[in-house]
Amino acid sequence: MTLTAAFERVSLPLAHPFGISRGTQTTAENVVVRVSDGERTGVGAAAPSTYYGETAATVEAVLPDLLDACEAVDDPHNLDGIDARLDAVVGDNPAAKAAVRIACCDLAAKRLDVPLYRLFGLDPGETITSSYTVGIDETDVMRERAEEAVDAGYAVLKTKVGTDRDEEILEAVRGAAPDARVRVDANAAWTPREAVEMSEVLAAYDVEFLEQPVSPANPDDLRYVYERSAVPIAADESCVTLPDVPRVADACDVVNVKLMKCGGPRQAVEMIHAARAHGLEVMLGCMIETNAAIAAACHLAPLLDYADLDGSLLLAEDPYEGVPLPDGRIDLSGVDAPGTGARAR
Ligand SMILES: [Mg+2]
């Protein structure tokens, strides 16, 4: 067999500007990767995050070496060998590696003529509902976005906070979505004391959990909040790769695993099992991503307690279709093609 690979950058305008505590973006730069065996082609994508040290340019800089390594293994079913070879030739760069590994998983499943969840031995009936994220904007705009999301059928919302008017935002989002499950993500914006105080407000608004209230710089800060918070705590920026799981195990209730942080679908599965071993609940999240990337994450839904896989829904248009998300429900039974189900529209 001869594997060949290629990549291309795609610039994806968002449906609305997307604000979090650290800033606002209007487009997402992703890099789509294809790995072919001459007959079938696996597709994946990188959604690099500058917060984790990656950009589309850094992804493009390391992809030639990663794809050479992938071609050198020359067996898309030897995912373990590909994983090891990628880590041997390039350090870090998890989004770039995730793109290659997603494409290889997609190709392997296509060659076996099964949906990706079958490759992982998962039951498509055991699926869950993704949240839909309301980014930081003017409070009235956030209220409208929450109303639109409810009208569109989404039953689980996540709202970004980390402003000087977070209580106002909560009142607006909860008011617009009185029956929804609501989660809150502060993206490390609060001090530990602010976070504990705000947790009382979140509890009053029946918030399901609080994601990353404080900076990951000092691990004691997250533990301080966890030990005093009125709502459960999820770790995102504090839990990036597998070795972080034991480090945050006594400082949170939930870990937010992302393929773009840990470097691929199989690495995400490792983190999920490690989290379970430490008695943690698991959420799978994403960046703002094309379905060429997110579709793979959706296939892990049967392993999750919570999903935040709405990255494609936030795009003005996605050049790829993926796993159907009717009302946010990750519909794996609706995947009618082998692999991840991602395909160009
Ligand atoms: Mg987060």
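**Helices, pocket and cavity in a predicted model**

Visitor: Which residues of helix H6 are buried?
Guide: This is a predicted model, where local features need pLDDT of at least 70, side-chain atom pairs count only at pLDDT 80 or more, and totals for chains, interfaces and linings use all residues. Residues are numbered from 1 along each chain as its sequence is written, and side-chain values use heavy atoms, without hydrogens and water. Helices (H or I, at least four residues) and strands (E, at least two) are DSSP runs, numbered from the N terminus; buried means under 20% relative accessible area, with a 1.4 Å probe and protein chains only. In H6 (residues 166-176) the buried residues are Asp 166, Ile 169, Leu 170, Ala 172, Val 173, Arg 174 and Ala 176.

Visitor: What covers the buried residues of H6?
Guide: Contact means heavy atoms within 4.5 Å. Both helices and strands take part. The cover includes helix H5 (139-151), strand E5 (156-160), strand E6 (181-185), helix H7 (192-204) and strand E7 (207-211).

Visitor: Which residue just after H11 takes a positive phi?
Guide: H11 has buried residues, including Pro 265, Met 271 and Ala 275. Just after the helix, a phi of about 75° is found at Gly 279.

Visitor: Which strand gives the most to the lining of the largest pocket?
Guide: On a 1 Å grid over the protein atoms alone, a pocket is an open set with protein on both sides within 12 Å along at least five of seven lines, and lining residues have an atom within 4 Å of a point. Strand E1 (4-20), strand E2 (23-36) and E5 each supply at least two lining residues. The largest contribution, seven residues, is from E2.

Visitor: What is the volume of the largest cavity?
Guide: A cavity is a set of points where a 1.4 Å probe fits but cannot get out. Grid points are joined across faces, edges and corners, and a volume is the space filled by probe spheres set on the points. The count is two cavities of 30 Å³ or more. The largest cavity has a volume of about 140 Å³.

Key:
Buried means under 20% relative accessible area, exposed over 50%, partly exposed in between (1.4 Å probe, protein chains only).
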